[in-house]
Amino acid sequence: MRGGPGEAERRQRWGRLFEELDSNKDGRVDIRELRQGLARLGGGDPDRGAQQGIAPEGGTDPDGGLDLEEFILYLQEREQRLLLLFHSLDRNQDGQIDVSEIQQSFRALGISISLEQAEKILHSMDRDGTMTIDWQEWRDHFLLHSLENVEDVLYFWKHSTVLDIGECLTVPDEFSEQEKLTGMWWKQLVAGAVAGAVSRTGTAPLDRLKVFMQVHASKTNRLNILGGLWSMIQEGGVRSLWRGNGINVLKIAPESAIKFMAYEQIKRAIRGQQETLHVQERFVAGSLAGATAQTIIYPMEVLKTRLTLRRTGQYKGLLDCAWQILEREGPRAFYRGYLPNVLGIIPYAGIDLAVYETLKNQWLQQYSYDSADPGILVLLACGTISSTCGQIASYPLALVRTRMQAQASIEGAPQLSMLGLLRHILSQEGVRGLYRGIAPNFMKVIPAVSISYVVYENMKQALGVTSR
């Protein structure tokens, strides 16, 4: 069979790939070169794939890499495995993988995806525009990836990234039945919570400045970024820049857990007899889950605002702050600003999700021809831009919420309702008044996203969460 035309063509193709990977032209492909090749193709786990590629079963010298014959033997084995995987996903055995077969494969793992999502996955691999994946497209796409079974393929397609900028988070992450059974889901939630805590602590001065400007900036005092920072340092020293950060970090864990549990229950209720949820239904489920979490932990939001704005010596700590609010203003004070807060979740989550998906898919269609994974830099850029757009849309409601939370503690401040406060701000300061403090809010997005991602990835490694 080695002398057949098909085999000769394959050996030529493998030889060209070997030459492309052998960057130093020493006649061997080592771990570094294979890792670079995998990273260039995108997706999978480059370290795992390179290790498996250089040390396949029967490999002679893993440290020295593979020569051309050893590399060809490795690729022969890879193609055999990929052919088995292709046939397992090609459920009607017609030699093509179509949209419905992608959906069925995800459902077998307990993950529901919409028709639109399945079409995006297929489009990323479909080179001839037939809206199906044939064996050649499949083989060329996954030849060097570290995929061992159907689950690996599906997790390669399922990409999720935790970005915590300290604002309303969007639709919670979804986990497969396998992740729930193995406990991987809670490890990911813990990694996300730790990443959020470090990120919020790192950007706490900008967050406090935002709240300070939301409440105190006006047309008359023209409070700006440098003036706000200087006045806070003068009043309480450098440490005062972190006021309110403790409870901001404390509320991450309960909010994430409640949102995750609520999302699972709401998805089940919305889905009913349906097998999958559409994007709009996922958005509704995510918004309701966010509203549920906010309803339960909202008193902590009020406490965070009061502790952030407190003067030196005003409260002895968290419990003293809660007691003073309860004693002077009653239980209802813990839900001041609740309505604009819940209303703000909808435009934030909706615009954030829509812009993120639009930007990511636009990039895939224009620049990515051989991978369903656009790469982390593109995802971070999409997340930063979409989050910024979501903030612009929901910021006036966030400002009204913060002022309502704080107005009872400020002498001479009018005690107004949501609509009354909106009218008051517009009449006194105009539309610009609804965006007081947005500059430091924008300033913290990029460092918050960057810190959050770096810590999240390191925490996943420490907890043994498998990167797909």
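## A cluster of three tyrosines

Ring pairs link Tyr298, Tyr335 and Tyr338 into a cluster. This is a predicted model, in which local features need pLDDT of at least 70 and side-chain atom pairs count only at pLDDT 80 or more, while totals for chains, interfaces and linings use all residues. Residues are numbered from 1 along each chain as its sequence is written, and side-chain values use heavy atoms, with hydrogens and water left out.

A pair of aromatic rings is described by the distance of the centres and the angle of the planes. Here, rings of Phe, Tyr and Trp (its six-membered ring) pair if their centres lie within 6.5 Å; planes under 30 degrees apart are called stacked, those over 60 edge-to-face, and the rest tilted. By this rule the count comes to five aromatic pairs. One of them joins Tyr298 and Tyr335, a stacked pair with 5.7 Å centre to centre and 25° between the planes. Tyr298 lies in helix 15 (residues 279-309) and Tyr335 in the loop between helix 16 (318-329) and helix 17 (338-367), so this pair ties together parts that are 37 residues apart in sequence. Tyr335 also pairs with Tyr338, this time edge-to-face, at 5.8 Å centre to centre and 70° between the planes.

Tyr298 is buried, at 0% relative accessibility. Tyr335 is partly exposed at 37%, and Tyr338 is partly exposed at 26%.

## The chain as a whole

Let's step back to the whole chain. It has 21 helices and two strands; helices (H or I, at least four residues) and strands (E, at least two) are DSSP runs, numbered from the N terminus. Of the 468 residues in the chain, 49% are buried. The chain exposes about 22200 Å², with carbon and sulfur atoms supplying 58% of that area, as computed by the Shrake-Rupley method with a 1.4 Å probe.

A contact means heavy atoms within 4.5 Å. Among contacts between residues at least 6 apart in sequence, 68% join residues at least 24 apart.

## Helix 4

Helix 4 (residues 68-89) has 22 residues and reaches 31 Å from its first C-alpha to its last, close to the 32 Å expected. That expected span is 1.5 Å times one less than the number of residues. Its buried residues include Phe71, Ile72, Tyr74, Leu75, Leu82, Leu85, Phe86 and Leu89, and among them are also Glu70, Arg78 and Glu79.

## Two residues and their partners

Pro205 is found in helix 11 (residues 204-216) and is buried, at 15% relative accessibility. Not counting residues up to four places away in sequence, Pro205 touches Leu241 and Trp242. Pro205 and Lys444 are 239 residues apart in sequence, yet 9.3 Å apart in space, C-alpha to C-alpha.

Arg311 sits in the loop between helix 15 and helix 16 and is exposed, with a relative accessible area of 51%. Leaving aside neighbours within four places in sequence, Arg311 is in contact with Glu235 and Arg243.

## Cysteines

How many disulfides does the structure hold? The count is zero, where a disulfide is a pair of cysteine sulfur atoms within 2.5 Å. Cys321 is buried at 0% relative accessibility, and Cys382 is buried too, with a relative accessible area of 6%.

Notes
Buried < 20%, exposed > 50% of the residue type's maximum accessible area, 1.4 Å probe, protein only.
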